[in-house]
Amino acid sequence: MAEHPRFESKMMIDGALVDGQAGTFSNVNPATEEVLGEVADASAADMHRAIDAARRAFDDTDWSVDHKFRQRCLVQLQQALEGEQEKLREELIAEAGCPRAITYGPQLDAPLSDALRFPGQLIDDYPWETSLGDAFVSVTGANTTRMVWREAVGVVGAIVPWNFPFEVTIHKIGQALATGNTVVLKPAPDTPFNATRLGRLIAENTDIPAGVVNVVTASDPLIGEELTLSPKVDMISFTGSTAVGKRIMEKGAATMKRLFLELGGKSATIVLEDADLGLGAMMGIAPCVHAGQGCANPTRLLLPRSRYAEGVAILQGIYEGVAPGDPQDPATLCGPVISAKQRSRIRGYIDKGIAEGAKLLVGGAEPPDGLDRGFFVKPTLFVDVDNSMTIAQEEIFGPVLAVIPYDDENHAVRIANDSVYGLAGNVMSGSLEHGLAVAKRLRAGFLGINGAAGYGADTPFGGYKASGVGRQNGTAGFDQYTEIKSVAFPAVSEARRRRAEAGPPNQAAG
């Protein structure tokens with residue numbers, strides 16, 4: 001087993017690494033249930049000190065308007081993170097329980113490659129000022145020049161979940177800072193160390209001014225609600241459950257918060273009759289990756305009745321070959337879930353699936369063999385699921401797949417869209433054109449055809465319906481961290497412009 005890196009116990013407020021007024025709390029390894037270390041536990045007063053620091057940094061410095069300085073600081077942060085990349089890898093495996101294999105993809109290496117670089121480069125190309133040209137405005141009776149300016153929103157409260165903590169954090173930080181905002185980062189209490197490491201690297205290795213980024217760790221999730229309630233915070237950027245997203249929307253209404261909410265999902269994979277059934281069934285393994293702790297996981301698999309028995313047999317063979325295991329092992333696909341509470345919640349859904357009449361084919365709520373410690377759940381396959389069942393409608397966030405038969409293509413589309421969520425989805429087809437045509441009918445924000453995934457800092461990610469508001473990444477994500485200001489001033493006539501360019505007329509001597 002790899003050695004654990006040195007964990008940073010202090011949070012960062014106003015440029016300094018500090019203790020928490022509430023003491024400390026323990027960070028637990030979900031694979032072993034061992035305490036990794038202690039981390040600063042913030043009080044509400046600590047959070048307000050961080051908010052005040054971010055407010056001052058936005059109002060009293062030129063951070064929001066100095067584009068080249070921001071670019072330089074993002075490059076410095078990129079270099080600092082790359083310098084501790086392998087330590088970050090071990091840290092994420094230890095505190096998030098994520099399998100080592102996926103740290104080489106979406107947990108670490110993929111976001112580190114472009115989450116800061118893309119928005120940093122976009123600073124140069126972004127339309128900070130756009131001319132609408134001159135026009136006669138009847139209200140004033142004058143020719144008017146019109147401009148549109150893009151400016152930073154202000155103070156951003158960034159609230160991050162525990163499932164992909166670094167990935168979500170670095171994408172939020174990258175776009176919020178590139179657009180000129182200041183940030184108060186609130187990581188999940190289950191995975192604080194990657195965030196405190198980020199704070200230390202900013203303090204020690206960058207020229208980012210004090211207060212521009214603050215990292216506040218707290219055992220009480222409600223400490224983060226101070227961000228939502230404070231009138232000094234202009235925007236909340238939240239990734240997490242739909243229930244919490246609704247609460248943020250409600251609590252933030254009093255101060256008219258700008259919101260980016262990337263919330264839950266219950267995504268469906270439609271395997272069309274003309275698809276490669278083996279490839280389609282392989283999509284069913286996705287809920288096992290990182291123990292199903294991904295909002296975009298396709299946790300419903302729709303099979304045509306004409307090929308249903310064949311598809312189920314393939315899926316059964318796949319699930320019988322997947323076992324939860326040590327996330328340090330490069331061969332492990334399904335590690336632990338994050339906590340005992342989450343394990344209990346998932347087992348409750350498995351019991352409910354059985355009670356409502358779904359057929360349990362593989363797995364179940366019993367503890368996995370040979371894993372006496374750690375928060376492990378068996379990869380679980382339900383078949384003959386009706387889409388009205390709880391396991392087909394609610395987000396389980398565990399290694400549980402619901403297989404649903406459908407009659408024809410229209411029926412499959414209706415089932416896929418019959419959800420309060422609309423985050424992601426997949427279509428498997430023998431024809432790309434056919435797959436794209438079906439994808440156009442699905443009410444979801446992030447779709448893949450035949451196993452492809454459009455992940456990247458340049459790709460907008462987010463959902464329809466209860467899956468959220470706004471998009472992370474891409475120019476759409478960049479836009480949402482800005483305000484729009486329209487500016488008008490009297491147009492200068494062409495004759496006046498020529499005279500001004502020519503300078504004052506020569507005066508003959510009298």
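The model is predicted, so local features need pLDDT of at least 70 and side-chain atom pairs count only at pLDDT 80 or more, while totals for chains, interfaces and linings use all residues. Residues are numbered from 1 along each chain as its sequence is written, and side-chain values use heavy atoms, with hydrogens and water left out.

Helix 2 itself covers residues 67–83; helices (H or I, at least four residues) and strands (E, at least two) are DSSP runs numbered from the N terminus. Its 17 residues reach 25 Å from first to last C-alpha, close to the expected 24 Å, where the expected span is 1.5 Å times one less than the number of residues.

We turn next to the nonpolar cores, each a set of buried Ala, Val, Leu, Ile, Met, Phe, Trp, Tyr and Cys residues joined through side-chain atoms within 4.5 Å. The largest has 54 residues, and Ile270, Leu302, Leu303, Leu315, Leu381, Val385 and Val403 have the most contacts inside it. Strand 16 (residues 400–406) gives the most to this core, namely six residues. Beyond its neighbours within four places in sequence, Leu381 is in contact (heavy atoms within 4.5 Å) with Leu315, Gln316, Tyr319, Lys359, Leu360, Leu361, Val362, Leu401 and Val403.

Three cavities of 30 Å³ or more are present; on a 1 Å grid over the protein atoms alone, a cavity is a set of points where a 1.4 Å probe fits but cannot get out, and lining residues have an atom within 4 Å of a point. Of its 16 lining residues, Ala268, Arg300, Ala416, Ala424 and Ala444 are closest to the centre. Strand 12 (268–271), helix 15, strand 17 (421–422) and strand 18 (424–428) each give two or more residues to this lining.

Helix 15 (residues 409–417) also holds His411, which counts as buried because its relative accessibility is 17%. Not counting residues up to four places away in sequence, His411 touches Pro405 and Tyr406.

Notes
Buried means under 20% relative accessible area, exposed over 50%, partly exposed in between (1.4 Å probe, protein chains only). On a 1 Å grid over the protein atoms alone, a cavity is a set of points where a 1.4 Å probe fits but cannot get out, and a pocket is an open set with protein on both sides within 12 Å along at least five of seven lines; lining residues have an atom within 4 Å of a point. Grid points are joined across faces, edges and corners, and a volume is the space filled by probe spheres set on the points.
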